[in-house]
Amino acid sequence: MRKEGNEFLIGDVPVKTLAAKYGTPLYVYDEQKIRANYRKAKSAFEKYYPDFRFFYAVKACNNPAIASILKQEGAGIDAASVNEILLAKKIGLGGKDVMFSGNFLSDDDIKQGLESGVIFNLDDISLLPRVLKFGEPEIMSFRVNPGYGRSNVGEFVTNAGPNAKFGLHPDQTMEAYRLAKAAGIKRFGAHMMPGSCITDPEYFSFITKLLMDIIGKVGRELKIDFEFIDLGGGLGIPYKPEEDGLDIEAAARLVAETFKSKVSEFGLKPPRLMMEPARFFVGNAAWIIGKVHSIKNSYKKIVGTDVGMNTLARPAMYGSYHHIYVNGKEDDKRETLGLCGQLCENTDFWVKERELPSTIAEGDLIIIENAGAYGYAMSYQYNGRLRPAEALVNGKDHYLIRGRENFEDMVRHTAVPGHLAI
Ligand code: LLP
């Protein structure tokens with residue numbers, strides 16, 4: 001996003017034009033920015049470890065147009081559920097281009113996962129006999145919880161370590177692979193998810209070392225040649241203007257150094273190195289355009305907008321910060337204001353105090369930054385405030401990539417039994 005005079009543009013399109021054409025609230029993605037983020041990360045990792053591939057964790061933003069950009073760039077898909085496997089299929093990816101990393105799977109999940117022929121990543125040793133009951137995945141990995149996790153989003157998003165619900169305990173890992181090998185599985189990988197939104201490059205090599213010390217022993221003792229080792233996602237982005245971003249070049253170098261030294265320490269055949277980030281690709285490549293509907297002066301001065309916690313759940317859910325710009329007014333004098341959405345819940349008062357232009361008025365457009373990851377994907381319908389639309393900008397071109405929900409969408413799967421319909 002850039003500013004021309006007082007007006008903001010996404011790509012080459014003024015936010016005013018986008019709001020007028022598609023309405024508000026509106027998620028807007030910048031195709032060029034997603035490609036640039038992807039290429040930056042890919043070239044950093046390939047430079048230090050050429051046999052490298054990214055799988056895009058589609059849970060962060062599941063619009064097929066966005067996933068297609070990453071597919072065009074060469075990414076596979078990391079799917080958390082059967083529906084995400086189907087989404088990958090819809091954009092032309094299947095088999096070994098898809099990693100199925102679900103957790104606490106049902107029998108139906110397992111059956112459909114096996115039928116789709118994707119890489120099966122098991123979150124627990126107890127899943128192994130349940131999977132084998134229905135068939136044998138061609139390539140299988142276990143998600144290992146190396147005993148440590150971290151996240152800039154706080155404890156909410158720490159997906160590894162003793163308090164996480166994910167992954168195999170290190171002490172179960174040898175047994176899990178032993179049983180899988182004894183059952184006839186021939187092709188193996190290994191996986192972890194170290195946490196989300198981490199901007200410290202050293203952390204990635206630290207956690208890689210923990211994983212490799214577990215997996216290296218398995219490879220050596222069971223004589224398994226791992227085809228891949230997937231270090232998960234977690235590549236962070238800054239949310240506050242004063243925060244530093246992740247030095248991706250340093251992260252790639254440190255991870256590759258640790259990885260290569262552990263591969264040689266344990267005498268492993270060099271596996272493909274994989275990662276499955278999402279936030280780093282799409283997080284800073286989307287904005288929400290909202291509109292100020294009314295401003296109230298009561299106990300506090302509160303700006304009421306059409307961007308509620310149902311549009312962007314992260315602030316109400318995790319206390320996350322998202323920067324807000326006011327179109328046309330950024331250079332004006334500031335005052336401490338509150339800002340909220342239109343829902344009947346006080347968690348919808350999602351900015352309690354923020355320095356915003358004191359001239360902010362009804363009808364103004366606000367722009368919320370870093371909305372590409374876990375933004376639309378975590379939006380919901382509540383109070384009859386339905387999910388917004390999504391648009392994609394590519395230079396001066398723009399496209400609607402998901403329509404705004406309407407009343408019919410709200411009642412689509414409901415039914416009123418006959419005795420109540422009188
Ligand atoms: N792989 C697995 C198995 C995951 O569970 C996740 C995210 C990723 C990859 C991608 O992680 P990333 O590179 O985006 O950090 N809703 C939270 C984030 C939850 C992360 C869930 N797992 C938020 O809004 O911050």
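A cavity is a set of grid points, laid over the protein atoms alone, where a 1.4 Å probe fits but cannot get out. Keep that picture in mind as we walk through this structure, which is a predicted model.

Searching the whole structure turns up one cavity of 30 Å³ or more. The volume of the largest cavity is about 30 Å³. Which residues line the largest cavity? They are M192, P194, F204, I207, T208, L231, V255 and M275.

Now turn to the ligand.

Next, zoom in on individual atoms. The side chain of K59 has an N or O atom 2.8 Å from an oxygen atom of the ligand. R279 also faces a ligand oxygen atom, with a polar side-chain atom 2.9 Å from it. For D78, the ligand atom is a nitrogen, and it lies 3.4 Å from an N or O atom in the D78 side chain. How much of the ligand does the protein bury? Taken alone, the ligand exposes 590 Å², and the protein buries 94% of that area.

To trace this yourself, find K59, D78 and R279 in the structure, and look at how their side chains sit relative to the ligand.

Terms used:
Residues are numbered from 1 along each chain as its sequence is written. This is a predicted model: local features need pLDDT of at least 70, side-chain atom pairs count only at pLDDT 80 or more; totals for chains, interfaces and linings use all residues. Side-chain values use heavy atoms; hydrogens and water are left out. A polar contact is a pair of N or O atoms within 3.5 Å; within protein, one must be able to donate a hydrogen and the other to accept it, and residues adjacent in sequence count only if both atoms are side-chain atoms. Accessible areas come from the Shrake-Rupley method with a 1.4 Å probe; for residues, only the protein chains shown count as cover. On a 1 Å grid over the protein atoms alone, a cavity is a set of points where a 1.4 Å probe fits but cannot get out, and a pocket is an open set with protein on both sides within 12 Å along at least five of seven lines; lining residues have an atom within 4 Å of a point. Grid points are joined across faces, edges and corners, and a volume is the space filled by probe spheres set on the points.
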